[in-house]
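Student: I would like to learn how to read a pocket, a sheet and a few single residues. Please take the features one at a time.

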Amino acid sequence: MMSALVCVARIGAAHGVRGAVKLWTFTEDPFAIKRYGLLSSKDGKRQFEVATAREAKDHLVATFKGVTTRDEAERLNGIELYVAREKLPATDADEYYHTDLIGLAAVTTEGDALGRVHAIHNFGAGNIIEIAPPKGPTLLLPFTNAVVPEVDLAGGRVVIALPQEIEGDDEISSS
């Protein structure tokens, strides 16, 4: 059985002429990707080892062993880098890896089924949990303790306290 893989970074555009790339990391400590050893593409067919990394504005500028030219670096643009789940550190209480949440059942505080956790997003204003119901559009809710008061990994579920109607959510009538 293959170990679960977790996406820890995405390679961006080439940077300079010596094989460096922009690297967006999805780890709490951006430099942690150097400690994980070999990183792989999602299909596992390609392996990458970070040789150097330095901080830039909102990403790292990194080089990989064996990548020495801009042309080689340009061909890597868009590749997501994965690491085996067991190489990641344990999480603290109330801290979760997104991969551990995907697929969990979502239930209301009353125990009614809402659907399953489809994704966790962060568009810059905090984490958003996306719930896919059996039918209809997905629900996007803030991933806060108020809205998600309980995450039960062992029980395979998250409890959702649905927010009250949003003020101003009524239809606008014109006169």
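Student: Which strand gives the most to the lining of the largest pocket?

Tutor: A pocket is found on a 1 Å grid over the protein atoms alone, as an open set of points with protein on both sides within 12 Å along at least five of seven lines; lining residues have an atom within 4 Å of a point. Here β9 gives the most to the lining, with five residues. Strands (E, at least two residues) and helices (H or I, at least four) are DSSP runs, numbered from the N terminus. At least two lining residues each come from β1 (5-15), α2 (98-101), β9 and β12.

Student: What should I know about the model and the numbering before going on?

Tutor: The model is predicted, so local features need pLDDT of at least 70 and side-chain atom pairs count only at pLDDT 80 or more, while totals for chains, interfaces and linings use all residues. Residues are numbered from 1 along each chain as its sequence is written, and side-chain values use heavy atoms, with hydrogens and water left out.

Student: What volume does the largest pocket have, and which residues are the closest to its centre?

Tutor: A volume is the space filled by probe spheres set on the grid points, which are joined across faces, edges and corners. For the largest pocket the volume is about 1200 Å³. Its lining has 38 residues, of which Phe 26, Glu 28, Tyr 96, Tyr 97 and His 98 are the closest to the centre.

Student: How many residues of each class are in that lining?

Tutor: Ala, Val, Leu, Ile, Met, Phe, Trp, Tyr, Cys and Pro count as nonpolar; Asp, Glu, Lys and Arg count as charged; the others, Gly among them, count as polar. The lining has 19 nonpolar, 11 polar and eight charged residues.

Student: β9 is also a sheet strand. In what order do the strands of the six-stranded sheet stand?

Tutor: Two strands pair if DSSP finds at least two bridges between them. The order in this open sheet is β11-β10-β9-β8-β13-β12, and the pairing is mixed. β11 (139-142) and β12 (150-152) are the edge strands; each has a single partner strand, so one side of each lacks a neighbour in the sheet. From one strand to the next, the twist averages 35 degrees; the axes behind such angles are lines fitted to C-alpha atoms, and the angles run from 0 to 180 degrees between N-to-C directions.

Student: Where do the side chains of a strand point?

Tutor: In a regular strand they alternate between the two faces of the sheet.

Student: Which pairs in this sheet are parallel or antiparallel?

Tutor: β9 (residues 113-122) and β10 (residues 127-132) pair in the antiparallel sense over six bridges, and Val 117 stands opposite Ile 131 in β10. β10 also pairs with β11, antiparallel over four bridges, with Ile 128 opposite Pro 142. The parallel case is β8 (residues 105-108) with β13 (residues 157-160), over four bridges; there Val 107 has Val 159 as its bridge partner. β12 and β13 run antiparallel, joined by three bridges, and Asp 152 is partnered by Arg 157.

Student: Which glycines in the hairpin turns have a positive phi?

Tutor: Between β10 and β11 there are six residues, and Gly 136 in that turn has a phi of about 90 degrees. The β12-β13 hairpin has four residues between its strands, with Gly 156 at about 70 degrees. β1 and β2 (residues 20-25) also form a hairpin, with four residues between them and Gly 16 at about 80 degrees. These two strands pair in the antiparallel sense over five bridges, with Ala 14 opposite Val 21.

Student: Is Val 148 buried or exposed, and what about Thr 63 and Thr 68?

Tutor: Buried means under 20% relative accessible area, exposed over 50%, and partly exposed in between, with a 1.4 Å probe and protein chains only. Val 148, in the loop between β11 and β12, is buried at 4%. Thr 63, in β6 (residues 60-64), counts as buried at 18%. Thr 68, in the loop between β6 and α1 (70-74), counts as exposed at 54%.

Student: With which side chain does that of Thr 63 make a polar contact?

Tutor: A polar contact is a pair of N or O atoms within 3.5 Å; within protein, one must be able to donate a hydrogen and the other to accept it, and residues adjacent in sequence count only if both atoms are side-chain atoms. The partner of Thr 63 is the side chain of Thr 52, at 2.5 Å.

Conventions: 1 Å grid on protein atoms, 1.4 Å probe; cavity = no way out; pocket = protein on both sides within 12 Å on 5 of 7 lines; lining within 4 Å.
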